[in-house]
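My entries follow in the order in which I checked things.

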Amino acid sequence: MNQSSALRLEDLTESAAMIADASLIVRARFVEAADILLHIYVRGLRPASLRAFWPEHVLDYKEVRLRYKPTSSAISRAEEVMYRWLLDYVKDEDRRVLLGKWSMCLAAPHIAGSFRDFCKKTGANS
C-alpha cells in the first residue's frame, strides 16, 4: 500500500472521529449486555438446593473462571441496551436477532459458538 492512499490522521474529521469512538462504545455496551444476560440469576430458574451447591469457581478449558453476579447498575445498563436501544434503533426483527447473536458470540464464544457458523447455518451471509 502506498503512502498516498493511506488515511492520515489529519484527514480524519472531528465528526468522523466521534462516530468511530461512539461505535466502539456501542459495541462494548452490546457485548457487556450479552455477558450480563449470561450471568444474571433469575429467581426460580433453578431449585434452591442446587443453587446452594453451585460452585463459585468453574473449570473451563483448563483454566479457572470465577462466576460473578452482575450488579444492579450492570443489569440496568444491559436492560437499556437490550430493551431500549435495540427496540428503538433496530426496527427489523431479523437484524435484531443478528445483533443479539453477534453480541452473544463475542461475549461467550464457548457457549454461543461462532457468528460466522451461525450466519452460514441461517443463510444470513448471502
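**Entry 1: elements.** I took helices (H or I, at least four residues) and strands (E, at least two) as DSSP runs, numbered from the N terminus. On that basis I count six helices and two strands in the chain. Read from the N terminus on, the order is α-α-β-β-α-α-α-α.

**Entry 2: ground rules.** This is a predicted model, and local features need pLDDT of at least 70, side-chain atom pairs count only at pLDDT 80 or more, while totals for chains, interfaces and linings use all residues. Residues are numbered from 1 along each chain as its sequence is written, and side-chain values use heavy atoms, with hydrogens and water left out.

**Entry 3: confidence.** I looked up pLDDT, the predictor's confidence in each residue, from 0 to 100. The chain has a mean pLDDT of 79, and 69% of its residues reach 70 or more. Where does pLDDT stay under 50? I found this over residues 49–55. For contacts I used heavy atoms within 4.5 Å. The model has four contacts beyond four places in sequence for residues 49–55. Where pLDDT is low, the predicted coordinates should not be read in detail.

Entry 4: I used relative accessible area with a 1.4 Å probe, protein chains only: buried is under 20%, exposed is over 50%, and partly exposed is in between. Of the 126 residues of the chain, 17% count as buried. I also looked at contacts with a separation of 6 or more, and 59% of these come from residues 24 or more positions apart.

**Entry 5: H1 against H4.** Two packed helices are described by the angle between their axes and the distance between the axes. The axes here are lines fitted to C-alpha atoms, for helices over the stretch in contact, and angles run from 0 to 180 degrees between N-to-C directions. The axes of H1 and helix H4 (residues 93–107) come within 8 Å and cross at roughly 75 degrees. Angles under 35 degrees count as roughly parallel, over 145 as roughly antiparallel, 65 to 115 as roughly perpendicular and the rest as oblique. I therefore noted H1 and H4 as roughly perpendicular to each other. On the H1 side the contact includes Phe-30, Val-31 and Leu-38, and on the H4 side it includes Leu-99, Trp-102 and Met-104.

**Entry 6: Leu-86.** I found Leu-86 in helix H3. Is this residue buried or exposed? Leu-86 is buried, with a relative accessible area of 9%. Leaving aside neighbours within four places in sequence, Leu-86 is in contact with Phe-30, Val-81, Arg-96 and Leu-99. I also checked Leu-86 against Val-97: the two are eleven residues apart in sequence, and their C-alpha atoms are 9.9 Å apart.

**Entry 7: salt bridges.** Side chains of opposite charge can pair when their charged atoms come close. My criterion was a side-chain nitrogen of Lys or Arg within 4 Å of a carboxyl oxygen of Asp or Glu. How many salt bridges does the structure hold? I count four, and I followed up some of them.

- Glu-80 pairs with Arg-29, with the closest N and O atoms 2.6 Å apart. Glu-80 is in helix H3 (residues 72–89) and Arg-29 in helix H1 (residues 14–39), 51 residues apart, and the pair links distant parts of the chain. Glu-80 is partly exposed at 27%, whereas Arg-29 is buried at 18%.
- Arg-77 pairs with Glu-32, with the closest N and O atoms 2.6 Å apart. Arg-77 lies in helix H3 and Glu-32 in helix H1, so this pair ties together parts 45 residues apart in sequence. Arg-77 is partly exposed at 31%, and Glu-32 is partly exposed at 25%.
- Asp-92 pairs with Arg-95, with the closest N and O atoms 3.9 Å apart. Asp-92 is partly exposed at 36%, and Arg-95 is exposed at 57%.

**Entry 8: cysteines.** I searched for disulfides, meaning a pair of cysteine sulfur atoms within 2.5 Å. The search of the whole structure finds zero. Cys-105 is in no disulfide, and the nearest cysteine sulfur, that of Cys-119, is 8.1 Å away. Cys-119 is likewise in no disulfide. Cys-105 is buried, with a relative accessible area of 7%, and Cys-119 is buried at 10%.
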